[in-house]
Amino acid sequence: MAQGVRLRIWGEQACFTRPEMAAERVSYDVITPSAARGILEAIHWKPAIRWTVERIRVLKPIQTESIRRNEVSMKPSPRDLARRINAGETPALFVDEHRAQRAAIVLRDVDYVIEARFEMTDKAGPEDNAGKHAEMFRRRARNGQCFKQPVMGVREFPAHFELLEDDADLPKLAPALAGEHRLGWMLHDLDFANGATPRFFNAVMHDGVIEVPAFHGPETVA
Amino acid sequence: MSEPIQNRYEFVFYFDVENGNPNGDPDAGNMPRIDFETNHGLVTDVCLKRKVRNFVELAGGGAGREIYVREKAVLNQQHQKAYDANGLKHEKSKLPKDGDKAKAVTDWMCENFYDVRAFGAVMTTEVNAGQVRGPVQFAFARSVDPIMPQEISVTRMAVTNEKDLEKERTMGRKSIVPYALYRAEGFISAPLAEKTGFSEDDLELFWSALAQMFDHDRSAARGKMAARDLIVFKHDSKLGKAPAHKLLDRVTADRQKDENGNEPKDAPRHFEDYVIAVNKEDLPAGVEVLRPFEA
């Protein structure tokens, strides 16, 4: 496990939004590899490395709840803002004119172990080596240091984290998760090299463990 | 403008409500939000951010402290900004790419608007460009003990429509929480503050906003709300020195025990029914506890 890490993450609530239900948000049943990568990057990332999530362990039964909130229904366009700024106006967005009440189906009381490794990218300089980055990540995760507090899908749901050292005991399987659970097609990650195309994989959970296939392998589709 | 902040912070914020509705649930006819599994009350992150914005707008402070996402209820002060419009035009003619225009606008927004600097904003119609992630992150607030919302019926000695004149009066409903103490947790990231320019002055203003925001948010629905305590963990570095959850767990609010040391059986009705404690034993090196409300 030279470049591999295990990170336990948990939180009170989580929302890993299904892209097909983005307006009234509905979360996937478990964390996506994309969200897991974001959590790793919130702790340590440099352009020289790329995180790959290999395995997700689900530690707690899947439970959901619904929240409805007042949200703003529009995004200001840069062109409109620039026009107002040039005209010497103070731009503002009045929330009661652009209001949408949206419900979200979110997960509650989640707990996962992410198993991931990273590889070096072509942006790596001579001073970058895998050992250094692995050590930096582990040191930060061990001390609770982070670039920004990692989140469970959205920023209002903070993710707490701790490093599982190599010989750490993995937490026990929750009985409710025993056996095979087919979770259906799930977002793997966005392919930023190709215009942020989403790629999907068929997620199956065996005894709480989801094996994440290679991002560009035969088991994922764009 | 002072420098961007150089320290990571976590905070625990306690506030309470007496005979009011701190945050209505649109799904439940505007009853106080409640977690139906545990009966604990909830207040959303966006509700708290709204109050911070309203306070900053009221407090004014001029240049750089405008509020972008506004409610109409607040008087719109049109401040003419000292803005280098030429700089923007120059950018445009030199780099006629939408991304750069957006960036110039984004930077200007960060400079002028407190809420964009603190909480960030999505200011573009393109995916993943020109978004500002702010350093201040709120989680949902949750009541320390289960709550029991009450439906109150009220009457009005007037009617709205002429055809109802016979009735003489109309009935209305209110939902209130008799008493609840809520706990909110938050995080402030120094590396993100550097990107938006969130400064030490901004941070001071943020603490004042938490202290005073309920004093300027009185309404028939809210009842009596008050900021009660704020416990801040300040790390002596940008990345922090200890896991957030371990610090946040050091702050507890428990019921005041009776003379025999037993937890009371009755429901809490006053802030005095609680004791807020901060465990400062063996604080990790490089972390200090601040109590801005006591300063």
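Trainee: How many bridges join S7(A) to S8(A), and in which sense do the strands run?
Mentor: S7(A) and S8(A) run antiparallel and are joined by ten bridges. Strands here are DSSP runs of E with at least two residues, helices are runs of H or I with at least four, and both are numbered from the N terminus. Two strands pair if DSSP finds at least two bridges between them. Please keep in mind that this is a predicted model, in which local features need pLDDT of at least 70, side-chain atom pairs count only at pLDDT 80 or more, and totals for chains, interfaces and linings use all residues. Residues are numbered from 1 along each chain as its sequence is written, chains are lettered from A and ligands numbered from 1 in the order in which they are written, and side-chain values use heavy atoms, leaving out hydrogens and water.

Trainee: Which residue is the bridge partner of Asp191(A)?
Mentor: Asp191(A) is partnered by Thr197(A) in S8(A). The hairpin of these two strands has five residues between them, and Gly195(A) there takes a positive phi near 60°.

Trainee: New topic: which residues touch the most other members of the largest nonpolar core?
Mentor: They are Tyr112(A) and Met152(A), in a core of 50 residues. A nonpolar core is a set of buried Ala, Val, Leu, Ile, Met, Phe, Trp, Tyr and Cys residues joined through side-chain atoms within 4.5 Å. Buried means under 20% relative accessible area, exposed means over 50%, and partly exposed lies in between, with a 1.4 Å probe and protein chains only.

Trainee: Which elements supply at least two residues of this core?
Mentor: In chain A they are strands S1, S2, S5, S6, S7 and S8, together with helices H1 and H3. S5(A) gives the most, with eight residues. Another core lies apart from this one and has 40 residues, among them Tyr114(B) and Val177(B). In soluble globular proteins, nonpolar side chains tend to be buried together.

Trainee: What do the buried residues of H3(A) pack against?
Mentor: They pack against S1, H1, S2, S5 and S6 of chain A. The buried residues of H3(A) include Met136(A), Phe137(A) and Arg138(A). H3(A) has 14 residues and reaches 20 Å from its first C-alpha to its last, close to the expected 20 Å; the expected span is 1.5 Å times one less than the number of residues.

Trainee: How many residues of H1(A) are buried?
Mentor: Nine of the eleven are, and H1(A) is thus mostly covered. Among them are Pro33(A), Ile39(A) and Leu40(A).

Trainee: Why is H1(B) described as largely enclosed?
Mentor: Twelve of the 15 residues of H1(B) are buried, so the rest of the structure largely encloses this helix. H1(B) spans residues 45–59 and reaches 21 Å, close to the 21 Å expected. Just after H1(B), Gly60(B) takes a positive phi of about 65°.

Trainee: How many disulfides are there over all chains?
Mentor: The count is zero, where a disulfide is a pair of cysteine sulfur atoms within 2.5 Å. The sulfur of Cys15(A) is 19 Å from the closest cysteine sulfur, in Cys47(B), which is too far for a bond. At 3% relative accessibility, Cys15(A) counts as buried; Cys47(B), at 10%, counts as buried too.

Trainee: Last one: where is Ser199(B) found?
Mentor: Ser199(B) is in the loop between H5 (190–196) and H6 (200–212) of chain B. Ser199(B) counts as buried because its relative accessibility is 2%. Leaving aside residues up to four places away in sequence, Ser199(B) touches Ser2(B), Glu3(B), Pro4(B) and Ile5(B); contact means heavy atoms within 4.5 Å.
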